[in-house]
Amino acid sequence: MRYKIIDSYIIEMKLLLRSYWTWVIFIPALLHIIYVFHGRVSNNDVGGGLTGSGYIIQGGMFLFLILGLMLIRSEVKTNSEEVFLTIKDGYYSKVISKCMVILSTSTLISLIAAFIHFVLFGINGVPFEFYGGTSLYLVLYWLLPFFICGIIGMISGSLLQSIIVYPILLLIWVILGPLNKLILEDILSLFQLYNLIEILNFLNLGQTDVHYPLDPVYGFQLEIYRWLQKLLILSISIYLLLIVSKRIGYRKLGRSQIYISLGLIIWILLLGSLMVQDQQLIHTGHEKKSVRFYDYNYYKSKASMDSKDNTEIIQVKKYDIDIASFRNLEVKVIIDFVAKEKTDAINLTLYHDLKVSAVLNENNQLLHYQQIGDQLRIELPSLLDAETHTSITIYYAGTSSPFFYANELAVMLPSYFPWVPRTGSYQAMTVSENGLFRVPLNPTSDIQYILKYDGPDTLFTNISPISNGRWEGTAPNGLTLAAGMLMEVTINDTKIYLPKSFYNMTSYLEPFLNQMESIQRNISNDLALNNLIMPQSIFFLSIPRETGSFSNSMWYLEDHLIFSVDFLFNGEALTNQLANVGAMTTSLATNLNTINHKELIDIFSESYNYWYMLKYNIQSSRQPQIKYKLQYYTKLNDELRIKILTHLIELIENQFYNDLLLKSFFQDWLSLIGNSEIGTMEDLLYYLEMRGKTNEFSSN
């Protein structure tokens, strides 16, 4: 039978290669692929050619459905099917050889796509790490979907001999393709069949979102779940083809076929059980667990329900963290702390999807705890006196927020996000009329950290490595972890961690550092922030922005700085002085006030940014954001905001040369934000009107 399969395979390949239609389709498709890949890679969008290939994959899947149909029907057209049915193992040899043809063709196309990428990578100096990721992406999103579609085409052609097979294949093509949601989502929404959208996500053999660009830290979406999904669908398809082939061959399953069938069933059940395990995936678009919706919907519904006690009755001295990041996050943390006052319970904050499984005291006794939302309350076995030193051990596991992933591919856990329990009872995020905002919950005092890590290599953090998989050190604003497609660059003793896809940006780093040091000195002088120093570690991470109107792109954390970047980030954006000034002041004001109205912080930042531009004579082709907002609110006839912005613009334009006056003004304003004396827009207007009575808004 082996030789029959090989001979049949050779014949089928010759027929395919001699077909006129093969080359009519292949050559234009090849030229289009080269054009798309070259356009992306040459413009420094390393992964864009692949992540943007959803339309190519959709077209390829259709061609392989038709290829499978044509291959299985070739004997019918030549009236030779009955001949092969009379030959021992003849029909099954043909079926296996046709599967081999489909596999060979899909493999050849994927290899050609890989070769094109590798040539372009070599020409453009792309780092070697992208070669492996590109190869895996092509196997997962090109080779396997094409092979599966070819098998499904064979099954359809075997079962259906009439013309109805074509509309059925068309429907299968739409459902299994990466464009399935784009095509069917509106139809399902019209009939309120929202649950079927999740089924479309599962059946999608391509990238979940064809418009999702390459995440510069996360890399390609190659999670274990996506491999299991495609292997499951492939296994089911092969099993169905085996059953259909036996039915057509008019033979009962032999012993070997029975063993194969049982093996496939066990394999399918195993894949299914692995798929349902807790895991973190990148969800985009309108999916329930996407960045856009998941946390927003959760905190919108929970904001008024969770009771909070923000009293921090303990002071943490040390965290001993043992963390494993695979398909999800598993953590054991020992917290050494000192009680500030007598207490029999402590309140901590931990992201709600990180579920606590056990809490132990220093004597390894289980403690009673209650986890509601982001709040974790732990009851102590006895009253703890003030100034008493003790420790607790907490075990927890689960998935992180869609904003901050942690799985087998990458880790991005900033210190201001409660991935490790922090003192007090807060919410990690809050929802207002302006959208979702992440509350900066980083510690504000020196804490010793011991970190043991098992996860994606290589890990970068703001404490020092001691040995392989172990870090120790003291940090003033918490611990940030980052692993994935990152590299380290050291410039003048400053460690910079940036995505490997930014390989062409390294020449901009030194000018950026010089500019940031100048900005730091100016802001420190203007706002009387004497403790403001330039951190020695800078992380460029793909942290999603919260909203278009009030977005944070920088987090100042004393010993390290975090910049939010995306695939469009470039050297020019890196040295945009006004953008960096605005980001720095927004971060500083946010650090002073974690709960207050975010719009107030935004207006403070934009006002100071406008004065900074005038004071230091910075030229910009773009209109200052504060003036743009005034125009916007004028159109809306929002009298409150019109008055506020008009007062601020008049003050800055009339007095921008009066250094002492405006320094005093912004220092006072920042202080009032910090102690929450300005908590509403009405408070801000009252404050400005009081200052206006001193004639500050008039020119001299």
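1. The lining of the second largest cavity comprises ten nonpolar, two polar and one charged residues. The model is a predicted one, and the volume computed for this second largest cavity is about 80 Å³. Ser415, Phe417, Val420, Arg422 and Pro443 are the closest to the cavity's centre among the 13 residues that line it. In the structure as a whole there are five cavities of 30 Å³ or more.

2. The next points concern helix packing. Two packed helices are described by the angle between their axes and the distance between the axes. For helix H17 (residues 598–615) and helix H19 (residues 639–655), the axes come within 10 Å and the crossing angle is roughly 25 degrees. Angles under 35 degrees count as roughly parallel, so H17 is roughly parallel to H19. The crossing in which H17 passes H19 is right-handed.

3. Which residues of H17 and H19 meet? On the H17 side they are Glu599, Ile603, Ser607, Tyr610, Trp611 and Leu614; on the H19 side they are Arg641, Leu645, Leu648, Ile649, Ile652 and Glu653. Sorted by class, this contact of H17 with H19 has eight nonpolar, one polar and three charged residues.

4. H17 also packs with helix H14 (residues 509–527), at an angle of about 110 degrees and with the axes 12 Å apart. Because angles of 65 to 115 degrees count as roughly perpendicular, H14 is described as roughly perpendicular to H17. H14 contributes Ser518, Ile519, Asn522, Ile523, Asp526 and Leu527 to the contact, while H17 contributes Phe604, Tyr608, Trp611, Tyr612 and Lys615. Seven nonpolar, two polar and two charged residues make up the contact of H14 with H17. Trp611 is listed in the contact with H19 and also in the contact with H14.

5. Most residues other than glycine have a negative phi, and most peptide bonds are trans. Where does asparagine 44 lie? Asparagine 44 is in the loop between helix H2 (20–41) and helix H3 (48–51), and has a positive phi of about 65 degrees although it is not a glycine.

6. The bond from aspartate 457 to threonine 458 is cis, and its omega is near -10 degrees. Threonine 458 belongs to the loop between strand S12 (447–454) and strand S13 (459–461).

Key:
Residues numbered from 1 in each chain as written. Predicted model: local features only at pLDDT ≥ 70, side-chain atom pairs only at ≥ 80, totals over all residues. Heavy atoms only, no water. Axes fitted to C-alpha atoms, helices over the stretch in contact; angles between N-to-C directions. Helix = DSSP H or I, 4+ residues; strand = E, 2+ residues; numbered from the N terminus. Parallel < 35°, antiparallel > 145°, perpendicular 65-115°, else oblique. Left-handed = near helix turned anticlockwise from the far one by under 90°. Contact = heavy atoms within 4.5 Å. Nonpolar A, V, L, I, M, F, W, Y, C, P; charged D, E, K, R; others polar. 1 Å grid on protein atoms, 1.4 Å probe; cavity = no way out; pocket = protein on both sides within 12 Å on 5 of 7 lines; lining within 4 Å. Points joined across faces, edges and corners; volume = space filled by probe spheres on them.
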